[in-house]
Amino acid sequence: MEKYFMGILAVGIAITITAGVFSAYQLYRLVETDAKCREIKKPKLCGLLAASSNNQSGLLLYLIRRKKYPVISMTSAEKEFIKRCKKKIGVGIIFLAIGAIICVLGITLM
């Protein structure tokens, strides 16, 4: 019986890790595209710092920094891409919560 609970825990951990990586990647793409539209130097570095920091201090620094740079040019395709990234981040957060719930369930059943 304990093997089933370990399996539930393993599935929860796998979902949580996958959803976390997916959400971080989508955040990277979102920040990179926004930085390109604002013509900020090194947009990939901005995206990497925003998505990789542990307590999201990189994202806060990017949001503070981008106030100085207005949107220079944004095509409708880039607007649509940003909208899709936001939706994907939301889905990733939902799966992150589901994975955490499954982990807690697996731990309590053991």
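## Contacts and overall form

Of the contacts in the chain between residues at least 6 apart in sequence, 74% join residues at least 24 apart; a contact means heavy atoms within 4.5 Å. The model is predicted: local features need pLDDT of at least 70, side-chain atom pairs count only at pLDDT 80 or more, and totals for chains, interfaces and linings use all residues. Residues are numbered from 1 along each chain as its sequence is written, and side-chain values use heavy atoms, with hydrogens and water left out.

The chain contains four helices and zero strands, in the order α-α-α-α along the sequence. Its radius of gyration is 18 Å, well over the 13 Å that the globule rule gives for 110 residues, so the chain is more spread out than a compact globule. Here the radius of gyration is taken over C-alpha atoms, and the globule rule is 2.2 Å times the number of residues to the power 0.38. The C-alpha trace spans about 60 × 25 × 15 Å along its principal axes. Helices (H or I, at least four residues) and strands (E, at least two) are DSSP runs, numbered from the N terminus.

## Surface and charge

The accessible surface of the chain is about 7600 Å², and 69% of this surface belongs to carbon and sulfur atoms. Such areas come from the Shrake-Rupley method with a 1.4 Å probe; for residues, only the protein chains shown count as cover. Of the 110 residues, 30% are buried. Buried means under 20% relative accessible area, exposed over 50%, and partly exposed in between (1.4 Å probe, protein chains only).

There are 17 positive and 6 negative side chains, and the centres of the two sets lie 4 Å apart. Lys and Arg count as positive, Asp and Glu as negative, while His and the chain ends are not counted. Each charge is placed at NZ of Lys, CZ of Arg, CG of Asp or CD of Glu.

## The nonpolar core

In soluble globular proteins, nonpolar side chains tend to be buried together. A nonpolar core is a set of buried Ala, Val, Leu, Ile, Met, Phe, Trp, Tyr and Cys residues joined through side-chain atoms within 4.5 Å. The largest such core in this chain has 14 residues, of which Leu27, Leu30, Val31, Ile40, Cys46 and Tyr62 touch the most other members. Helix 1 (2–37), helix 2 (43–52) and helix 4 (76–109) are the elements that give two or more residues to this core. Helix 1 gives the most, with five residues.

Leaving aside neighbours within four places in sequence, Ile40 is in contact with Ala35, Cys46, Tyr62, Arg65, Arg66 and Tyr69.

Glu32 is in helix 1 and is buried, with a relative accessible area of 11%. Not counting residues up to four places away in sequence, Glu32 touches Pro43, Lys44 and Gly47. Arg38 lies in the loop between helix 1 and helix 2 and counts as buried at 13% relative accessibility. With the sequence neighbours up to four places away again not counted, Arg38 touches Tyr62, Arg66, Tyr69, Pro70, Val71 and Ile72.

Glu39 also lies in the loop between helix 1 and helix 2, but Glu39 is exposed, with a relative accessible area of 52%. Lys42 is found in that loop between helix 1 and helix 2 and counts as exposed at 61%.

## Backbone angles in the loop

Most residues other than glycine have a negative phi. Glu39 has a positive phi of about 55° although it is not a glycine. Lys42, not a glycine either, has a positive phi of about 55°.
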